[in-house]
Each structure stands twice: as structure tokens, then as C-alpha cells.
Amino acid sequence: MEKIIRNYQLFKIDKEEFQSIISYSDLGSDKAETSTVPPVDDAPTGSELSVNCSPTDSELPTNSETRAKSRVKEKQCNKLADRKMRVKLNLLYIREEKTKRRGEKEERKNDDDDRLQKPSSQTLPIRSWQKLVDELPTGDSLWLDVACMKSGYGALLKRHIKAATKIFKEHIVAYDKGGNLLSMSEVHSYFVNFSRAGTRTSAMLRDRLLSLDARETATSNLPPNPYRHELRIDGRRTYQGCTIPDDAPPRPDAKAVWNETTQQWMTTHKSKHPGSPEPAG
């Protein structure tokens with residue numbers, strides 16, 4: 001093909017392109033009566049033909065050059081395709097890492113929610129406040145010693161702790177405090193405040209325990225507690241907010257008053273002179 005183009009001078013060569021020097025504009029006319037070919041305006045002159053006849057090995061690409069260019073272009077395309085593939089792989093890796101981290105985060109959150117909602121196997125179940133109060137008489141005695149000391153009538157309270165527990169339960173029901181007692185420590189704290197000296201509930205508890213003690217004494221023919229008309233607060237003997245000397249005899253009754261001058265108990269009885277104190281017997 002290259003030989004035909006070069007040797008037969010039928011084509012006009014322009015660098016790597018070539019075109020026919022014959023014009024086909026007038027060919028194919030049905031009225032043409034002669035076979036004479038009209039002159040072509042664009043036909044090359046002698047000088048142009050001489051130029052076209054010159055060797056053009058350096059102008060037209062050879063098969064080896066074409067293949068080399070094709071290989072270079074193919075390599076460039078392959079590099080571009082590899083670059084695009086690496087970008088896609090990186091984006092895919094980043095997307096998978098984000099999805100994985102999001103899944104791990106949601107899984108940790110679900111685990112935390114499960115731990116908050118589900119009680120630990122080592123956590124004891126919450127018991128009702130009734131069962132907690134029932135264990136007061138049989139539980140640790142240290143808190144009971146504190147309660148007795150703060151009540152002022154520790155001996156009486158400790159002797160009738162079961163009855164005091166029953167009265168305590170009645171108080172919880174009456175004032176609807178059971179919902180606030182979820183542990184034994186809360187029950188202990190509430191009972192200490194319930195029986196603490198100077199409170200209305202402590203005075204009520206003491207009166208009921210004294211009545212119970214008197215009934216038990218009457219039925220058992222035992223001598224009554226000689227200090228039943230006194231209160232012991234922080235180890236001190238008291239009555240109606242007044243301190244009783246340690247060496248003073250027991251208070252004889254609930255109306256007796258200690259006379260600091262005579263160092264004895266004075267009581268008021270109905271006599272010819274009402275209101276005049278007399279020494280207690």
C-alpha cells in the first residue's frame with residue numbers, strides 16, 4: 001500500500017495524511033458524451049508532483065512506530081485504570097472500616113444497655129420491706145445497741161425488741177414509707193430515727209413498751225423495773241429533759257421531781273394543801 005502511494009503519484013501526501021489528486025465531482029454524470037477527463041483545478045503541478053515523488057520514509061509512520069505508540073497508549077490506559085481501581089479500593093476500604101466501627105459502637109451501646117437493664121448475677125434480688133423489718137430482732141446487734149443508746153430507754157427497748165419491731169411495721173404502713181426501704185441499711189437508719197429520744201414516735205413507742213412490760217410483770221409476778229420512769233440518753237439518766245445524778249435512787253413514779261437541795265425525789269399528792277411537794281417514799 002505504501003509503495004502504491006509513493007510510486008504511482010495518485011495521492012497528495014501531507015505529513016502523515018494523504019488524499020487523491022483526482023477530482024470525482026464531474027464523474028458519474030449521465031450526460032457525459034466523451035471520455036475526456038476535464039482538467040482538475042486542484043491537480044498538482046509539476047513541481048508539486050516532484051515534491052510528492054520525493055522519498056517520504058521519514059514522514060509516514062512505520063508499523064513498528066505504530067505498534068510502539070499503541071503500546072505506550074495502552075500502558076497509559078492501564079496506569080489510569082490501575083489508579084482508578086486503587087482509588088475505588090481505598091474508598092471501599094474506608095467505607096467498610098466506617099461500617100465496622102459503627103457496628104462495634106452500636107454493639108457496645110447495646111451491651112451497656114443490657115448491663116443496665118439486666119441485674120448482675122452477683123446482685124441479690126430486692127426483698128420486700130416487710131421481710132427486712134422482720135429480720136431486725138435477729139440481725140446484727142451493733143445497730144441495735146446504737147438504737148437503744150439513742151432512744152433513752154435501751155434496756156426496755158432491747159427487752160421488747162420484737163414488740164418494737166411490730167409497732168415499727170404499723171408505723172410504716174400508716175405513713176406509707178415501705179417504698180423507700182429497699183435495703184437493710186435503710187431499715188436500720190429509719191428505725192434509729194423512729195426510736196430516737198425527743199421525737200413523737202419515740203415517746204409513743206416507749207409508752208406502749210412500758211404498758212407491755214407492766215402486763216408481763218403482772219402476769220409473771222416479777223418485780224417491776226425500778227428505772228421504768230426514767231430515760232437514758234447517751235448513758236445518762238434523765239426525766240422530762242432533766243439530768244438525774246448517777247447515785248440517785250430510781251424515780252418512784254412518773255410525777256416525781258428531783259430536788260437538788262434535799263437530794264431526794266419529791267412528789268405531789270392530794271392533801272389538805274394541794275400542790276405542796278412531799279418527799280417520795
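**Notebook: charges, salt bridges and helices**

I looked up R86 and found that R86 counts as partly exposed, because its relative accessibility is 48%. Here buried means under 20% relative accessible area, exposed means over 50%, and partly exposed lies in between, with a 1.4 Å probe and protein chains only. The areas come from the Shrake-Rupley method with a 1.4 Å probe, and for residues only the protein chains shown count as cover.

I noted that this is a predicted model, in which local features need pLDDT of at least 70 and side-chain atom pairs count only at pLDDT 80 or more, while totals for chains, interfaces and linings use all residues. Residues are numbered from 1 along each chain as its sequence is written, and side-chain values use heavy atoms, with hydrogens and water left out.

**Charged patches**

I placed R86 in helix α3. Helices are DSSP runs (H or I, at least four residues), numbered from the N terminus. I then found R86 in a surface patch of positive charge, together with R67, R71, K75, K79 and R83. A patch of charge joins like charges within 9 Å, using residues with over 30% relative accessible area and no salt bridge. Lys and Arg count as positive, Asp and Glu as negative, and His and the chain ends are not counted. I took the place of a charge as NZ of Lys, CZ of Arg, CG of Asp or CD of Glu.

I also recorded a surface patch of negative charge, made up of E104, E107, D111 and D113. I located E104 in helix α3, which covers residues 63–117. With a relative accessible area of 35%, E104 is partly exposed.

**Salt bridges**

I counted 6 salt bridges in the structure. The term requires a side-chain nitrogen of Lys or Arg within 4 Å of a carboxyl oxygen of Asp or Glu. Side chains of opposite charge can pair when their charged atoms come close.

I looked up E135 and R127, which form a salt bridge with the closest N and O atoms 2.7 Å apart. E135 is partly exposed at 30% relative accessibility, and R127 is partly exposed at 38%.

I next looked up D134 and K169, whose salt bridge has its closest N and O atoms 3.0 Å apart. This pair links distant parts of the chain, as D134 is in helix α4 (residues 129–134) and K169 in helix α7 (residues 161–175), 35 residues apart. D134 is partly exposed at 42%, and K169 is partly exposed at 23%.

I then turned to E170 and R208, another salt bridge, with the closest N and O atoms 3.2 Å apart. E170 lies in α7 and R208 in helix α9 (residues 200–220), so the pair ties together parts 38 residues apart in sequence.

**Helix α8 and buried residues**

I checked the length of helix α8 (residues 184–195): its 12 residues should span 16 Å at 1.5 Å a residue, and its end C-alpha atoms are 17 Å apart, which agrees. The expected span is 1.5 Å times one less than the number of residues. I listed the buried residues of α8, among them V187, Y190 and F194.

I found W143 in helix α5 (residues 141–151), and W143 is buried at 9% relative accessible area. The C-alpha atoms of W143 and S189 are separated by 8.7 Å, although the two residues are 46 residues apart along the chain.

I placed L181 in the loop between α7 and α8, where L181 counts as buried at 5% relative accessibility. L181 and R127 are 54 residues apart in sequence and 9.6 Å apart in space, C-alpha to C-alpha.

Notes: Patch = residues over 30% accessible without salt bridge, like charges linked within 9 Å, V, L, I, M, F, W, Y side chains within 5 Å. Helix = DSSP H or I, 4+ residues; strand = E, 2+ residues; numbered from the N terminus.
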